[in-house]
Amino acid sequence: MSEFLFATSWCVPFYSLIGAILTLPWGIGIVRRTGPRPAAYLNLLTTLLAFAHSSLVFKDIWSREPENLVITWFQAADLNLSFALELSSISIGATVLITILSLLAQIYALGYMEKDWSLARFFALIGFFEAALSGLAISDSLFLSYALLEVLTLSTYLLVGFWYAQPLVVTAARDAFWTKRVGDLLLLMTVVTLSTLAGSLNFSDLYEWAQTANLDQLTAALLCLGLIAGPAGKCAQFPLHMWLDEAMEGPNPASVMRNSLVVAGGAYLLYKLQPVLTLSPIALNVLIVIGGVTAVGATLVSIAQTDIKRALSHSTSAYMGLVFLAVGLEQGGVALMLLLTHAIAKALLFMSSGSVIFTTHSQDLTEMGGLWSRMPATTTAYVVGAAGMVTLLPLGSFWAMLAWADGLVKVSPWVIGVLIVVNGLTALNLTRVFRLVFWGEPQQKTRRAPEVGWQMAFPMVSLTILTLLLPLMLQQWYLLPTWESIDWYVVLVLVSSTVAGVVIGSTIHLHKAWSRSRVLAWRFIQDLLGYDFYIDRIYRLTVVSAVSLLSKISAWSDRYLVDGLVNLVGFAAILGGQSLKYSISGQSQGYMLTILAVVSALGFFISWSLGLLDKLPF
């Protein structure tokens, strides 16, 4: 039985794809009498089957060697497009994580969106979302991975724009789609180039090619930068980071998936490409710069947000920046552990914030307070999720950060500084949000806020338990360092940054009467961080203005030059015809006179031209 499950583990993405297809009759309105609930239950069933299948395989895969399956899709002459799949502990473990978080997010959506008229359409989109993510997890082909990233881009666009009757939602979906298209276009150009240079797009073949490839520095740099562009857009990294903040306009269950798994999909592809990226030291340095700038900058921006979802989404960009930094430093194992711990903790944080939004009907932090006694399950979920995000013994992120810093103290000591800043500011931000939402005096919208129903409480409790048990799971998988190998100096520094962030976040003055400080200096800093260093305005003054100017020039030339020339020829033909009609008399001698006059004029013009040619010196 286990052999059969392992041999068919490549079918796991098709479970959710079948579930999404089965929900279409309800999603497009063919079936209405039963309501949208049966569609949700069908999708839940297929996701449960996918989770059970991948879990049973993951339990026995540790004793097996990784296997690769190659499915040829198209072959002509030297062009060979194939789908290569990898069945290993990492890929199957990724499918387990994707399916369990998707299952919990769908159960959560039953309560969060119970009154939504298009619930079936939402579950269909989640099914496509999950299918693309699961396929990306087991993909061993750059070609297939690129195709699945395109499916994720389309799914993000549809889910962000789910409530399409709201203009702000439409704008957010459009911006998210076009921002990702920038990175995807560069990635597509690189995929085509690699298929020519390497002769194959399977990762195993690319690794062998990279070991012996003889490329000049410029070609290698451009090639690797193109490979970075796609994941940079998916992971909301600078300068393609603006879309994730706007994507918070979508339903919160989709935000749970997006901030925990979708951004991790781009980082997972980057991890798979790490051996190829070593072709260019320039590309590795670019990864380090992008990751460091995004990690520190996004963390600073998060502490000035007054929207609860945006305060959490910017920390997603920051932690993906740490993953970019790890890949740039060729620390692939650290990147994987950080992706695992971040996905679980961030999903729990977004579920707790969604529960707050569901009961208070507000996302404004200044309108909340005093919810800890009214929503104990939500409060516990937030506290455990926040603890799982920072360096706090013995939760998962503590070991991820420790593995991050292990070995880099002497090689790259500045990395410790980045970790201290990101970890300390994250602890400060999460403490600030806790005080504004759960602590203090109840506000008008929180005085009678009840705890959420079981559909939303069950996923939160399950993820809370999973977050607490994650260190034991890491120990069972032999992913934790031994006590003898731990650098206690690094532990002390990282834990001290967490304590400092919590202390400052607990004591800093927070007043709900105003959203901006009355002190001019603090107001400037608050506005600078709150408006994301005015990046959107800089884009509007530079990129957007340049594109707008080029569009106006193109429109003017099209209207007055191209169309003007065509219209001139047309007007000349009309004018000539209108003039000739007056020469019509019905007498043949009149026609002959007209023909002779035109032929004479034409002959005179030709003779004059030939005379000019004779006078030329050559």
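Modeller: Buried means under 20% relative accessible area, exposed means over 50%, and partly exposed lies in between. The model is a predicted one.

Colleague: Why does Phe 162 count as buried?

Modeller: Phe 162 has 1% relative accessibility, and the limit for buried is under 20%. Phe 162 therefore counts as buried. Trp 163, at 26%, counts as partly exposed.

Colleague: What makes the pair of Phe 162 and Trp 163 edge-to-face?

Modeller: Ring centres must lie within 6.5 Å to pair, and planes over 60 degrees apart count as edge-to-face. Here the centres are 6.2 Å apart and the planes are at 65 degrees, so the pair is edge-to-face.

Colleague: Why is the pair of Tyr 382 and Phe 434 called stacked?

Modeller: The ring centres of Tyr 382 and Phe 434 are also 6.2 Å apart, but their planes are at 20 degrees. Planes under 30 degrees apart count as stacked, so this pair is stacked. Tyr 382 lies in helix 17 and Phe 434 in helix 20, so the pair ties together parts 52 residues apart in sequence. Both residues are buried. Ring pairs also link them with Trp 372, Phe 438 and Trp 439 in a cluster.

Colleague: How do you know that helix 7 and helix 8 are roughly antiparallel?

Modeller: Helix 7 (residues 142-160) and helix 8 (residues 167-197) pack at about 170 degrees, with axes 9 Å apart. Angles over 145 degrees count as roughly antiparallel, and the two helices are therefore given that label. Their contact residues divide into 14 nonpolar, two polar and five charged.

Terms used: Residues are numbered from 1 along each chain as its sequence is written. This is a predicted model: local features need pLDDT of at least 70, side-chain atom pairs count only at pLDDT 80 or more; totals for chains, interfaces and linings use all residues. Side-chain values use heavy atoms; hydrogens and water are left out. Axes are lines fitted to C-alpha atoms, for helices over the stretch in contact, and angles run from 0 to 180 degrees between N-to-C directions. Helices (H or I, at least four residues) and strands (E, at least two) are DSSP runs, numbered from the N terminus. Angles under 35 degrees count as roughly parallel, over 145 as roughly antiparallel, 65 to 115 as roughly perpendicular and the rest as oblique. Ala, Val, Leu, Ile, Met, Phe, Trp, Tyr, Cys and Pro count as nonpolar, Asp, Glu, Lys and Arg as charged, and the others, Gly among them, as polar. Rings of Phe, Tyr and Trp (its six-membered ring) pair if their centres lie within 6.5 Å; planes under 30 degrees apart count as stacked, over 60 as edge-to-face and the rest as tilted. Buried means under 20% relative accessible area, exposed over 50%, partly exposed in between (1.4 Å probe, protein chains only).
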